[in-house]
Amino acid sequence: IRRPPRSTLSSSSAASDVYKRQGINAEYGGEEFTMAPWKDAIPPFMLAICCCFNTYFSTQCLLDLSFDLWAQNDLDQRASLFSAYYTWKQYPPIVGPMMMGILCLIPIGVAGMLRDASRSLLGWQQASAIRQAVDVVQPLALLGLILPTVITQVIPAQEEVIRACMPANVPGPDALWGAVASARECKAGVSALVPVHMTMLALNLVMFTCDVVKYASSTPRPEGGKTSVKEE
């Protein structure tokens, strides 16, 4: 009796294939295999670029927070210097152009973050659970927390400190009252800046941690980016 060619499947062989697939799916929790490719870790040069960005912004937050705490200890003597510091920060001679150059590159980074997040949410690429979570958390932290905090809290609070802590030049009998009111507003402004800068520092550290995880997380995967099953 001649066996049928391999290209021709009989009813018994087709049924056997169905049972094999059912057994394979049961072995892996009843889930269908996905053909989506696996995410690669970010290359070292990309990690270096991300670290430069995060180090710059984290250092700025540390300097601001340190200056806030320093001025808060003796605000009566340091209020004018405190106001001058944030006045300088508005138009710094060398740091300002550097900041503008960095801001021009941020949309490129945001586009990459949104691309990775969409691939994770839509299942276009496979990765470990922590990598998928990081790819979603990072753009949310940047667009949903960092940028709104800078626009709605950091900038207004610093402008208020500049106005309130600037030395008052009120001549006449109202000079003492004006100085007392200005000192009260200056103290309130400094107290409001401290938690804001602490929040910004924590968010920048979260961004830095996400970049490290994206570089260090390596998910073991079979060749070809899909699950392989040995044929019996």
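Reader: Okay, which residues are linked in a network of salt bridges?
Author: Keep in mind that this is a predicted model. The network of salt bridges links Lys-39, Arg-115, Asp-116, Arg-131, Asp-135 and Lys-214.

Reader: What lets side chains pair up like that, in general?
Author: Side chains of opposite charge can pair when their charged atoms come close.

Reader: And how many salt bridges are in the whole structure?
Author: A search of the whole structure turns up eight.

Reader: Let's pick one. How far apart are the closest N and O atoms of Asp-135 and Lys-39?
Author: In that salt bridge they are 2.5 Å apart. Asp-135 sits in helix α5 (residues 129–165), while Lys-39 is in the loop between α1 (11–27) and α2 (44–73), so the bridge ties together parts that are 96 residues apart in sequence.

Reader: Is Asp-135 buried or exposed? And what about Lys-39, buried or exposed?
Author: Asp-135 is buried, at 1% relative accessible area. Lys-39 counts as buried too, with 10% relative accessibility.

Reader: Which Lys forms a salt bridge with Asp-135 at 3.8 Å?
Author: That's Lys-214, with 3.8 Å between the closest N and O atoms. This pair also links distant parts of the chain: Lys-214 belongs to helix α6 (residues 175–216) and Asp-135 to helix α5, 79 residues apart. Both Lys-214 and Asp-135 are buried.

Reader: What about Arg-115, which residue does it bridge to?
Author: Arg-115 forms a salt bridge with Asp-116, and their closest N and O atoms are 3.3 Å apart. Asp-116 counts as buried at 9% relative accessibility, whereas Arg-115 is partly exposed, with a relative accessible area of 42%.

Reader: Last one: which residues do ring pairs link into a cluster?
Author: The cluster joins Phe-67, Trp-70, Phe-82, Tyr-85, Tyr-86 and Trp-88 through ring pairs.

How values were computed
Residues numbered from 1 in each chain as written. Predicted model: local features only at pLDDT ≥ 70, side-chain atom pairs only at ≥ 80, totals over all residues. Heavy atoms only, no water. Salt bridge = Lys/Arg side-chain N within 4 Å of Asp/Glu carboxyl O. Helix = DSSP H or I, 4+ residues; strand = E, 2+ residues; numbered from the N terminus. Buried < 20%, exposed > 50% of the residue type's maximum accessible area, 1.4 Å probe, protein only. Phe/Tyr/Trp six-rings, centres within 6.5 Å; stacked < 30°, edge-to-face > 60°.
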